[in-house]
Amino acid sequence: MNLIKRDLNHNWHPCMQMKDFETFPPLSIKSAEGSYLTLTNGQKLIDANSSWWCKSLGHGHPKLKSALLKQAEQFEHVMFGNTTNETIIALSEKLAELSPNLNKVFYASEGSCAVEIALKMSLHANYLQGQSHRTKFMALKNGYHGETCLALSASDLGLYRKAYESILQPVSFIDHIPYVLSTEDPLWEDCSTHWPKIEEHLNQHSKTLSAIILEPIVQGAGNMKIYSKDFLIRLRQWTTENHIHLIADEIMTGFGRTGYALACEHATIEPDFICLGKGLTAGWLPMSAVLTSQNIYDIFYDDYATHKAFLHSHTHSGNALAAAIALECFKITEEENIYASVQKNSEYLYKNMQQVAEKTRLLQNVRYIGFIAAADLMIEVPRAGYEIYKNAIPLGAFLRPLGNTIYWLPPLNTSLSTLDELTDITIRAIQKTCL
Ligand SMILES: Cc1ncc(COP(=O)(O)O)c(C=O)c1O
């Protein structure tokens, strides 16, 4: 039986309307290397979205393969509850270096689980400190934090939430976000024009909030929108003054995507919790982590009989194979100077997206930061993003626009010639779809 028929007999693909496969079947992957995928029909495609934003170091990095095999020769997974090992300790030592005071690491598997953990830790810490009235969360309008129920409650993308509203937690969303197109925008440095309205909203909730969660600097699923670093600075200041935790969901932005290890570094702020995922293992294995401070950790630290322990677990928490890869990712990032190369090539990516806008005359709001460039289609084409995706495949790119937003988020070590190829394909795919 043909491969696609066998797939559709059983597989229910994530985030897909399965009926779409009647007319455009799933891409059948044979292999992947660097920034390219190879299909079983031999066609090569540029992975322009780094496979849902996780393949930061590209596909099949030989050093990551060796690290995986080396760990597999020792052991692949032993429950992390009562045990430890050299690999996970070395990884936590590296993670603890990311932010000056966040030296405690709690592991999970998917990004959404890390978000759940950070939110639960915040609530639990307040509960243990006699702050039981602090039960609410706040997030940003247009933000996204994952699909599990607490993470979805903090996400403001109607399409993903609607059917589940009845079981989601009430979360208040911050509006009037000072969006920018680049770090050159005056709002980037100073968002005082927007702040009074935001602060008024914040003040209404100051006594009941446990935490504010946000994607620092870039809202990924909310169409790659970039906001002012000054907004982040002011939010950190306000949360500190009001004894409210700040949770930075760096699942998409972490490990170099915006040019620094953490997007929080743009604002030189330190949150109370950082959620990491995706790039943590460069998309090799599911691993996520929450970083927090000694202060938060100490709130839970007591004799067993006090029942203060954080009794949250996932089977694969601290998985050794994933840990070995994550540790190697740190090495490769240093050896290949990944953050410096993102900073160097960021403008090149942007100029290429500008070229797409100029050649097609169909894009507006061209924006960029680090190794992300995006722009919005100016004309209404039904399901424009999906049509562009389909048209880009025969041309040689796996583009996956978000609604009317065209974006590139390629592996951080993608060559400039591949970016040029991607530019040409994007222009042709847009023209084919819209003209
Ligand atoms: C900012 C952010 N948070 C959380 C998640 C959820 O991560 P996962 O899909 O690994 O559960 C995502 C996924 O795209 C994300 O972009």
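Me: What should I know before I start?

Reply: Residues are numbered from 1 along each chain as its sequence is written, and side-chain values use heavy atoms, with hydrogens and water left out. This is a predicted model, in which local features need pLDDT of at least 70, side-chain atom pairs count only at pLDDT 80 or more, and totals for chains, interfaces and linings use all residues.

Me: Which residues are around the ligand?

Reply: Start with the rule. A residue is near a molecule or strand if one of its heavy atoms lies within 4 Å of it. Here the list is Trp53, Glu110, Gly111, Ser112, Tyr144, His145, Gly146, Glu215, Asp249, Ile251, Met252 and Lys278.

Me: How many residues of each class does that shell have?

Reply: Sort them by type. Ala, Val, Leu, Ile, Met, Phe, Trp, Tyr, Cys and Pro count as nonpolar; Asp, Glu, Lys and Arg count as charged; the others, Gly among them, count as polar. The shell around the ligand has four nonpolar, four polar and four charged residues.

Me: Which side chains have a polar atom by an oxygen atom of the ligand?

Reply: Look for polar contacts. Such a contact is a pair of N or O atoms within 3.5 Å; within protein, one must be able to donate a hydrogen and the other to accept it, and residues adjacent in sequence count only if both atoms are side-chain atoms. Ser112 places a polar side-chain atom 2.5 Å from a ligand oxygen. For Lys278, the distance to a ligand oxygen is 3.0 Å. Asp249 has a polar side-chain atom 2.6 Å from a nitrogen atom of the ligand.

Me: How much of the ligand does the protein bury?

Reply: Areas come from the Shrake-Rupley method with a 1.4 Å probe; for residues, only the protein chains shown count as cover. Taken alone, the ligand exposes 390 Å². The protein buries 85% of that.

Me: What is the reach of helix 14 from its first C-alpha to its last?

Reply: Helices (H or I, at least four residues) and strands (E, at least two) are DSSP runs, numbered from the N terminus. The expected span of a helix is 1.5 Å times one less than its number of residues. Helix 14 covers residues 384–395, twelve in number. Its reach is 17 Å, close to the 16 Å expected. Helix 15 has 19 residues and should span 27 Å; its end C-alpha atoms are 27 Å apart, which agrees.

Me: Why is helix 14 called largely enclosed?

Reply: Check burial. Buried means under 20% relative accessible area, exposed over 50%, and partly exposed in between (1.4 Å probe, protein chains only). Nine of the twelve residues of helix 14 are buried, so the rest of the structure largely encloses this helix. Among them are Tyr386, Ile388 and Tyr389. The cover includes strand 3 (44–47), strand 15 (372–377) and helix 15 (416–434). Helix 15 has buried residues too, including Leu419, Leu422 and Ile425.

Me: Is Asn49 buried or exposed?

Reply: Asn49 is buried, at 2% relative accessible area. Its place is the loop between strand 3 and helix 2 (50–53). Now read its contacts, meaning heavy atoms within 4.5 Å. Leaving aside neighbours within four places in sequence, Asn49 is in contact with Phe398, Arg400, Tyr407 and Leu409. A polar atom of the Asn49 side chain lies 3.4 Å from the backbone oxygen of Phe398.

Me: Where is Arg234?

Reply: Arg234 sits in helix 10 (residues 229–241). Arg234 is partly exposed, at 22% relative accessible area. Beyond neighbours within four places in sequence, Arg234 is in contact with Asp190, Cys191, Ser192 and Trp195. Lys229 also lies in helix 10. At 17% relative accessibility, Lys229 counts as buried.

Me: Which phi values are positive in a residue other than glycine?

Reply: Most residues other than glycine have a negative phi, and most peptide bonds are trans. Trp52 has a positive phi, near 60°. Trp52 is in helix 2 and counts as partly exposed at 37% relative accessibility. Phe255 also has a positive phi, near 65°. Phe255 is in the loop between strand 11 (245–249) and strand 12 (273–276), and is buried at 10%. Gly396, which follows helix 14, has a positive phi near 115°.
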